[in-house]
Amino acid sequence: MAELQITEKTREKLQKKHGVGPAEVLQCFKNRDASRKILFDTREEHKTDPATCWFLAKTNTGRLLKICFIPPHPGNAGAVEIKTAFEPNEQEIRIYEKHSK
């Protein structure tokens, strides 16, 4: 797996707003069901270049998180850039269940 890149600003937001630590994000990458597709965030207000991807996975303690990230690309030295991570709502769970198969 590629290295995870989390800016200090994002790290603070994850902890203060969502109560998510970097270790939990890493656990989700390791625990992700590889048989499911990673989805792209196509909402206009969330578009990035390259596109932001996301998936749902559980931490080692069973906490379900939505992980939003930008995949490795030449501009970030091959690291996965974490944008955010938080507990998904019911709509996000339904979207993932429907479109990640």
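**The sheet and its strand S3**

Mentor: Five strands form an open sheet of mixed pairing, in the order S1-S5-S4-S3-S2. Helices (DSSP runs of H or I, at least four residues) and strands (runs of E, at least two) are numbered from the N terminus, and two strands pair if DSSP finds at least two bridges between them. Strand S1 (4-5) and S2 are the edge strands, each pairing on one side only. The model is predicted, with local features requiring pLDDT of at least 70 and side-chain atom pairs pLDDT 80 or more, while totals for chains, interfaces and linings use all residues. Residues are numbered from 1 along each chain as its sequence is written, and side-chain values use heavy atoms, leaving out hydrogens and water.

The setting comes next. The protein chain contains three helices and five strands, and along the sequence these follow the pattern β-α-α-β-β-β-β-α. Its radius of gyration is 13 Å, close to the 13 Å given by the globule rule for 101 residues, so the chain is as compact as a globular protein of that length; the radius is taken over C-alpha atoms, and the rule is 2.2 Å times the number of residues to the power 0.38. The C-alpha trace spans about 30 × 25 × 25 Å along its principal axes. Of the 101 residues, 38% are buried, where buried means under 20% relative accessible area, exposed over 50%, and partly exposed in between (1.4 Å probe, protein chains only). Taking contacts between residues at least 6 apart in sequence, 50% join residues at least 24 apart; a contact means heavy atoms within 4.5 Å.

Strand S3 is the part to examine closely. Because five of its six residues are buried, S3 is largely enclosed by the rest of the structure. On one side, S3 runs antiparallel to strand S2 (residues 39-40), the two being joined by two bridges; here leucine 39 has tryptophan 54 of S3 as its bridge partner. S3 also pairs with S4, in the antiparallel sense and over six bridges. Across that pairing, cysteine 53 is partnered by phenylalanine 69 of S4, and leucine 56 by lysine 66 of S4. In the S3 and S4 hairpin, five residues lie between the strands, and glycine 62 takes a positive phi near 90°.

Lysine 66 is buried, with a relative accessible area of 4%. Not counting residues up to four places away, lysine 66 touches Arg43, Trp54, Phe55, Leu56, Thr84, Ala85, Phe86, Pro88 and Glu92. With glutamate 92 there is a polar contact between the two side chains, at 3.2 Å; the term denotes a pair of N or O atoms within 3.5 Å, where within protein one must be able to donate a hydrogen and the other to accept it, and residues adjacent in sequence count only if both atoms are side-chain atoms. The C-alpha atom of lysine 66 lies 9.2 Å from that of valine 25, although the two residues are 41 apart along the chain. Threonine 84, in strand S5, is likewise buried, at 11% relative accessible area. Beyond its neighbours within four places, threonine 84 contacts Lys13, Leu14, His18, Lys66, Ile67 and Cys68.

The cysteines complete the account. Taking a disulfide as a pair of cysteine sulfur atoms within 2.5 Å, the count is zero. The sulfur of cysteine 53 is 9.6 Å from its closest counterpart, that of cysteine 68, and is therefore too far away for a bond. Cysteine 53 is buried at 5% relative accessible area, and cysteine 68 counts as buried at 8%.
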